[in-house]
Amino acid sequence: MSHKAGFVNIIGNPNVGKSTLMNAFVGERLSIITSKAQTTRHRILGIVNGEDFQMILSDTPGIIKPAYEMQESMMNFVKSAFEDADVLIYMVEIGEQDLKDEAFFNKIINAKIPVLLLLNKIDTSNQEQLEEQVAFWTAKVPNAEIFPISALQNFNVPEVFDRIIKLLPESPAYYPKDQLTDKPERFFVNETIREKILLHYSKEIPYAVEIVTEEFFEDDNIIRIRSLIMVERETQKGIIIGHKGEALKRVGVESRADLEKFFGKQIHIELYVKVNKNWRSNTNMLKRFGYNQ
């Protein structure tokens, strides 16, 4: 029996549902999801295994015009997604008209590989608007197969999954069949904590934060974690901690609950906050945090 395997890379503007789609395909919450733009900062692989296939999904940061060094690195992750894709998913939402970067758009319409254009969030539209959008994108990206979907409601998602399997090239598996992702445990600890900060803090705070898990000790029944929340200014540190430490405590409690579901074990987590001025523009810091690779 032949075996199929390949890289399926998901690109699009911020907040169009890329992470929701990948999590739906993988069946695990690998990518954090919030209503805020730029939630995904790295390129995250999610691996779906079947008896005769291996689908390697890649969630990438939303396409933006970079304003500082960290965002430049985020866009480099998107560029890399074009280089190794066997199938490219271009994800848009109802009402959206253009990609925020014309060079990326030209790469999509000139791609030599299969392109699936997923028109997401159709549960927020009506039939007339949907037909207009399908016509618009058919003309705009003539080389793409168009699938109207709702990643959140799982509408048409299984059909897209089946189509991808048909498009995958014949190949042995690239990763062990029991592997779910290319990221280590500490990465998911960091992302879980960062998600809570995105949810509970406003304005610049979530974007000025990076998480470093400095200790991760696993026993049979418990995982002990110590994580650093990095901010750029003293005022941000005070906001993260909150009055009598209540805000930071909430982040810890909610992170622990999610991590216990993810790892299936009791979690003991310690959080502390440190100021590192302008880390988002510091090349050495960005390399330490997994950017600029």
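This report walks through a sheet and a helix pair in a predicted model.

## The sheet

Let's start with the strands. There are six of them in an open sheet, and reading across gives β2-β3-β1-β4-β5-β6, with mixed pairing. The two edge positions go to β2 (44–50) and β6 (144–148); each has a single partner strand, so one side of each is left without a neighbour in the sheet. If you ignore direction, neighbouring strands here are turned by 25 degrees against each other on average.

## Inside the sheet: β1 and β3

β1 covers residues 4–12 and β3 covers residues 53–59, and the two run parallel, paired over seven bridges. For a handy spot to look at, find Asn9: Ser58 in β3 stands opposite it.

## Two crossing helices

Next up are helix α6 (residues 185–200) and helix α8 (residues 246–263), whose axes come within 9 Å and cross at roughly 140 degrees. As for handedness, α6 passes α8 in a right-handed crossing.

Which residues of α6 and α8 make the contact? On the α6 side, they are Glu185, Phe188, Val189, Thr192, Ile193, Glu195, Lys196, Ile197 and His200. From α8 come Arg250, Val251, Glu254, Ser255, Asp258, Leu259, Phe262 and Phe263. Sorted by class, the contact of α6 with α8 has eight nonpolar, six charged and three polar residues.

Terms used: Residues are numbered from 1 along each chain as its sequence is written. This is a predicted model: local features need pLDDT of at least 70, side-chain atom pairs count only at pLDDT 80 or more; totals for chains, interfaces and linings use all residues. Side-chain values use heavy atoms; hydrogens and water are left out. Two strands pair if DSSP finds at least two bridges between them. Helices (H or I, at least four residues) and strands (E, at least two) are DSSP runs, numbered from the N terminus. Axes are lines fitted to C-alpha atoms, for helices over the stretch in contact, and angles run from 0 to 180 degrees between N-to-C directions. A crossing is left-handed if the near helix is turned anticlockwise from the far one by less than a right angle, and right-handed if clockwise. Contact means heavy atoms within 4.5 Å. Ala, Val, Leu, Ile, Met, Phe, Trp, Tyr, Cys and Pro count as nonpolar, Asp, Glu, Lys and Arg as charged, and the others, Gly among them, as polar.
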